[in-house]
Amino acid sequence: NRLDKYQLGGYTAADLNADVSNGRYTIGLYVKNVTDKKAFLTSQDVPDGLTNAPIEREAVVLRPRTIGVSIDVKFQ
């Protein structure tokens with residue numbers, strides 16, 4: 001079956017983050033999915049409207065490696 005290629009399997013993903021703060025300002029650096037793991041999080045069949053037979057499968061994938069910076073400010 002061509003839909004079987006989307007079977008869910010186990011996976012491991014790692015995230016990292018670091019913050020520096022002076023009390024009022026906080027600057028953070030983060031990396032999500034450090035190893036850039038490819039994985040399906042969920043999947044489901046999409047049925048044909050007439051026969052209800054599965055004709056395709058929708059899947060949600062793990063977000064690829066994402067690197068970012070955050071800035072927080074405390075207002076008093």
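Three strands form an open sheet in the order β1-β2-β5, with antiparallel pairing. This is a predicted model, in which local features need pLDDT of at least 70 and side-chain atom pairs count only at pLDDT 80 or more, while totals for chains, interfaces and linings use all residues. Residues are numbered from 1 along each chain as its sequence is written, and side-chain values use heavy atoms, with hydrogens and water left out.

Two terms before I go on. Strands here are DSSP runs of E with at least two residues, numbered from the N terminus. Two strands count as paired if DSSP finds at least two bridges between them. In general, strands of a sheet pair through backbone hydrogen bonds, either parallel or antiparallel.

Back to the sheet, with its order β1-β2-β5. Its edge strands are β1, residues 16-21, and β5, each of which pairs on one side only. On average, neighbouring strands of this sheet are turned by 15 degrees against each other, direction ignored; the axes behind that angle are lines fitted to C-alpha atoms, and angles run from 0 to 180 degrees between N-to-C directions. Between β2 and β5, which run antiparallel, there are eight bridges. Leu29 has Val69 of β5 standing opposite.

Which residues make the nonpolar surface patch? They are Tyr25, Ile27, Leu29, Ile67, Val69, Ile71, Val73 and Phe75, and the patch covers about 860 Å². The elements giving two or more residues to it are β2 and β5, the latter spanning 66-73. β5 gives the most, with four residues. A patch takes residues with over 30% relative accessible area and no salt bridge; like charges are joined within 9 Å, and nonpolar side chains (Val, Leu, Ile, Met, Phe, Trp, Tyr) within 5 Å. The areas come from the Shrake-Rupley method with a 1.4 Å probe, and for residues only the protein chains shown count as cover.

Take Ile27, which sits in strand β2. With a relative accessible area of 49%, Ile27 is partly exposed. Buried means under 20%, exposed means over 50%, and partly exposed is in between, with a 1.4 Å probe and protein chains only.

Now the loop between β2, residues 25-32, and β3, where we find Asn33. Is Asn33 buried or exposed? Asn33 counts as buried because its relative accessibility is 3%. Leaving aside residues up to four places away in sequence, Asn33 touches Ala13, Ala14, Asp15, Leu62, Arg63, Pro64 and Arg65, where contact means heavy atoms within 4.5 Å. Asn33 also has a positive phi, near 55 degrees, and is a residue other than glycine.

Asp36 lies in the loop between β2 and β3 as well. Asp36 is not a glycine either, yet has a positive phi of about 55 degrees. At 23% relative accessibility, Asp36 is partly exposed. Its salt bridge partner is Lys38, with the closest N and O atoms 3.1 Å apart. Lys38 counts as exposed, at 63%. The rule asks for a side-chain nitrogen of Lys or Arg within 4 Å of a carboxyl oxygen of Asp or Glu, and the count comes to one salt bridge.

Last, the hairpin. Strand β3, residues 40-47, runs antiparallel to β4, residues 54-61, and seven bridges join them. Pro47 has Pro54 in β4 as its bridge partner. Six residues lie between the two strands, and Asn52 of this hairpin takes a positive phi near 65 degrees.
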